[in-house]
Amino acid sequence: MASVEHHSLKPYFVVYGLLMLGLVATVWVAYFDLGVLGTPLAMLIATTKASLVVWIFMHVKEATPMIWVTILMGLVGLAIGFIFLFSDYLAR
């Protein structure tokens with residue numbers, strides 16, 4: 001019979017609360033005209049929220065090293081794609 005791990009619900013509720021605060025922050029950034037800082041700030045908030053979801057809800061913090069390598073390679077590929085995208089955009 002497979003063993004079942006029971007996790008505490010407290011981290012889920014804490015992350016839920018942080019995600020709701022992130023939602024409020026995102027709406028606030030969209031509501032006010034922050035000029036050039038608006039988009040980078042919204043992207044920072046979105047990245048933070050996505051990281052919380054991956055870290056807690058997808059159980060990455062308990063993952064094996066192979067999962068960590070897979071996540072790292074995905075982020076490296078994303079970074080390379082952004083580098084090519086923005087270098088092409090800036091060259092035009």
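Predicted model: local features only at pLDDT ≥ 70, side-chain atom pairs only at ≥ 80, totals over all residues.
Start with helix H1, residues 10-31. Its partner is helix H2, which spans 38-57. Two packed helices are described by the angle between their axes and the distance between the axes. Here the axes of H1 and H2 come within 10 Å and cross at roughly 165°. Angles over 145 degrees count as roughly antiparallel, so H1 is roughly antiparallel to H2. The crossing of the two helices is left-handed.

Now look at the contact itself. H1 brings residues including Pro11, Tyr12, Leu19, Gly22 and Val29. H2 answers with Gly38, Leu41, Ile45, Lys49 and Phe57, among others. By class, the residues of this contact divide into 15 nonpolar, 3 polar and 1 charged.

Next, turn to the empty space. Rolling a probe the size of a water molecule over the atoms shows where such space is left. The largest pocket has a volume of about 210 Å³. Its lining consists of Thr47, Ala50, Ser51, Val54, Trp55, Val60, Trp68, Ile71 and Leu75. Helix H2 and helix H3 (65-91) each supply at least two of the lining residues. The largest share, 5 residues, comes from H2. Sorted by class, the pocket lining has 7 nonpolar and 2 polar residues, with no charged ones.

Notes
Residues numbered from 1 in each chain as written. Heavy atoms only, no water. 1 Å grid on protein atoms, 1.4 Å probe; cavity = no way out; pocket = protein on both sides within 12 Å on 5 of 7 lines; lining within 4 Å. Points joined across faces, edges and corners; volume = space filled by probe spheres on them. Helix = DSSP H or I, 4+ residues; strand = E, 2+ residues; numbered from the N terminus. Nonpolar A, V, L, I, M, F, W, Y, C, P; charged D, E, K, R; others polar. Axes fitted to C-alpha atoms, helices over the stretch in contact; angles between N-to-C directions. Parallel < 35°, antiparallel > 145°, perpendicular 65-115°, else oblique. Left-handed = near helix turned anticlockwise from the far one by under 90°. Contact = heavy atoms within 4.5 Å.
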